[in-house]
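Here are a few exercises on ring pairs, charges over rings, cores and a hairpin. Try each one on the model before reading its solution.

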Amino acid sequence: MKKSLIAAAAVILISAVSGVIYLAGNPNHKGNIQDRLKAGAEQGGQDENSDIKTINDITFGEFECSISGNDSVMVKYVKSGQTAKIFSLNPVKNEDSYDISQNGNSALYLSKDGHIWIIYSNGASKKITPDKYQGLNKNDMQKSNPGYIWADEPSFMPDGNIEFISNLPDEGTSPEKTIWKIDVDDGTMYPIYKPLSKDFRPLGYRSGDGKHIILDGDKIIVVDDTGSSCKTYETIDVEGKYIISLSPGGEKLIFANMDGTNSVDFGYIYMMDVYDKGIVKLPKVQSYKFTSMGAWNDEGDKYAIIIKPLSGSNDEIAVLHFDEAHINIDTYYTDGRFADSCKVRWAGDNAVSVDKGDDIVTISLDK
């Protein structure tokens, strides 16, 4: 689950105060919910001198996780009782260089030297990727080929292990990328799929059979991850479609059509059933267009997406509701505009958060 998570209890409490909430990061919003925090945390737990702000039994805080001498990341968390949940890392290289687990107890961070680290909400951390793999040495490979990708784009899998992109095991001067899986506990890693095109991305998993769903060019590849070199593939043709998101169960795809100039037409978006490929046009909001920035709730029956006005005004959050008989859409006010690189996440059942990089903006869905 990329990339931010806020405890539902905190959202419910704070939403009573305001429909739009700013959490962390930007000095202009210090006084709203959380002070700019100063102190770090020693590995294994938050430092007793950490600067925190408490609302009833909800505590917001931040600790510094040192990865190396010149690499550290600030980890923002929310704590209710004894349960701490990570909701943001800062700074990060880009939106694909970190991930936060579904339950918020850990986060993945791509370090400056290209290793994947896991950071826990109690302040502990450990390096996940190895320095050597089957005779290949990371430092040697990157000296001979400075652009060599040892690891990139880490994300949590439903089983708690990690998926990432790497040039391994390719030793050539123009190495190709492969999707890998690594075990968090023992570091066992193996390739899942080698894409056939440069335009690819893992979309998620199909809960019915546990298979990986991967966009590879104009096809969706369904990969049977057996943990061996023997895999079977299914393919689904998605030519002319811009894939936005796969539902948590891996059954529904939301997409937009490509126009005649190969640009994305966000005037309408559609839903496709991954099994029988039936296509449905989704409701829209007049005078607004959709974006690629959205997120499913855990149950897969709601999809929140940022919509932008065709002229003037502020962006809004649209929530599509899927039930057996109807698909409805509701909209929610925001007080500004969002950049195209923002990440949308659900923060409990009745709030959606937008990770802007230096701020987390949380919009209450209570009307």
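## Charges over rings

**Exercise 1.** Which ring faces lie under lysine 241 and lysine 281?

*Solution.* Start with lysine 241: it sits over the face of phenylalanine 255, 5.5 Å from the ring centre. Next, lysine 281 lies over the face of tyrosine 268, at 4.3 Å from the ring centre. The test here is NZ of Lys or CZ of Arg within 6 Å of the ring centre and within 35 degrees of the ring normal.

A word on the ground rules: residues are numbered from 1 along each chain as its sequence is written, and side-chain values use heavy atoms, with hydrogens and water left out. The model is predicted, so local features need pLDDT of at least 70 and side-chain atom pairs count only at pLDDT 80 or more, while totals for chains, interfaces and linings use all residues.

## Aromatic pairs

**Exercise 2.** How many aromatic pairs does the structure hold, and why is the pair of tyrosine 133 and tryptophan 180 edge-to-face?

*Solution.* There are seven aromatic pairs (Phe, Tyr and Trp rings, the six-membered one for Trp, with centres within 6.5 Å; planes under 30 degrees apart are stacked, over 60 edge-to-face, the rest tilted). For tyrosine 133 and tryptophan 180, the centres are 5.2 Å apart and the planes stand at 90 degrees, so the pair is edge-to-face. Now place the partners: tyrosine 133 is in strand E10 (residues 132-133) and tryptophan 180 in strand E14 (residues 178-182), so the pair ties together parts 47 residues apart in sequence. Strands here are DSSP runs of at least two residues, numbered from the N terminus. Finally, check burial (under 20% relative accessible area, 1.4 Å probe, protein chains only): tyrosine 133 is buried at 13%, and tryptophan 180 is buried at 1%.

## Cores

**Exercise 3.** How many residues has the largest nonpolar core, and which have the most contacts inside it?

*Solution.* A nonpolar core is a set of buried Ala, Val, Leu, Ile, Met, Phe, Trp, Tyr and Cys residues joined through side-chain atoms within 4.5 Å. The largest has 19 residues, and those with the most contacts inside it are Ile116, Ile128, Trp150, Phe164, Leu168 and Met189. Strands E7 (106-110), E8 (116-120), E13 (162-166) and E14 each supply at least two residues of this core. Apart from it lies another core of 17 residues, including Tyr303 and Ile307.

## A hairpin

**Exercise 4.** Which residue in the turn between E20 and E21 has a positive phi?

*Solution.* First, E20 and strand E21 (residues 252-258) run antiparallel, joined by five bridges (strands pair if DSSP finds at least two bridges). They form a hairpin with five residues between them, and glycine 250 in the turn has a positive phi of about 75 degrees.

Notes
Helix = DSSP H or I, 4+ residues; strand = E, 2+ residues; numbered from the N terminus. Buried < 20%, exposed > 50% of the residue type's maximum accessible area, 1.4 Å probe, protein only.
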